[in-house]
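The following exercises concern a single model. Please inspect the sequence and the coordinates before working through the solutions.

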Amino acid sequence: MVCASQSQPSDYHEDMRLGRPSRLPRDRYIGERTVAFHVSVDKRQNLFTSREVVDPVVGRLTRAAREFDCVVPIFCFMPDHAHIMLKGLRESSDLLAAMTKFKSLTGFWLYKMGLPCLQQDFFDHVMRVGDDWRNQALYIANNPVRAGLATDWSQYPFTGAVDCDLQDIVCGFA
């Protein structure tokens, strides 16, 4: 079983036949863009249910985002998957590399701790230039409410942001 690996672009039809997400051209992940990622735990096992797991994972997310000049306007760690939005700060920001680095750092740590691994691939939604990414952030924030894990997004302990003010992002838009 692979705990973390880099998702490589491949032939679209082959990806669809195998049920893997296909990637957009590499340049769509570079620069002052916003991408929402969805990462699942292997076999959809419950993993992100305690601070002892989520806090170290958020630390790895922070490290990866900063290394590639990104911020995380919102993340939401559900028990068996995670929603992570990355926003590039500069023309040189590399959002796909940041996500790949996050998965690698997290995968190694999970393996070392004997915890369930993340699935090899992940899904993404690259926002078009001019799209208001805050709609997607609000959708992510309300994921625990839709799942019945909280009555209000702000009550869910595993939703947050890195180098952004989540309250301003979600409440300033709602």
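**Exercise 1.** Classify Lys87 as buried, partly exposed or exposed.

*Solution.* Step 1: the classes are buried (under 20% relative accessible area), exposed (over 50%) and partly exposed in between, with a 1.4 Å probe and protein chains only. Step 2: Lys87 has a relative accessible area of 23%, and is therefore partly exposed.

The model is predicted: local features need pLDDT of at least 70, side-chain atom pairs count only at pLDDT 80 or more, and totals for chains, interfaces and linings use all residues. Residues are numbered from 1 along each chain as its sequence is written, and side-chain values use heavy atoms, leaving out hydrogens and water.

**Exercise 2.** Describe the surroundings of Lys87.

*Solution.* Step 1: Lys87 belongs to strand 3; strands (E, at least two residues) and helices (H or I, at least four) are DSSP runs numbered from the N terminus. Step 2: beyond its neighbours within four places in sequence, Lys87 is in contact (heavy atoms within 4.5 Å) with residues including Arg33, Asp69, Leu95 and Trp133. Step 3: Glu32, 55 residues apart from Lys87 in sequence, lies 6.8 Å from Lys87, C-alpha to C-alpha.

**Exercise 3.** State the strand order of the open sheet and locate its edges.

*Solution.* Step 1: the five strands are ordered 4-1-3-2-5, with antiparallel pairing; two strands pair if DSSP finds at least two bridges between them. Step 2: strand 4 (123-126) and strand 5 (159-162) each pair on one side only, and are the edge strands. Step 3: three bridges connect strand 5 with strand 2 (residues 70-78), the two running antiparallel. Step 4: Thr159 in strand 5 stands opposite Cys76.
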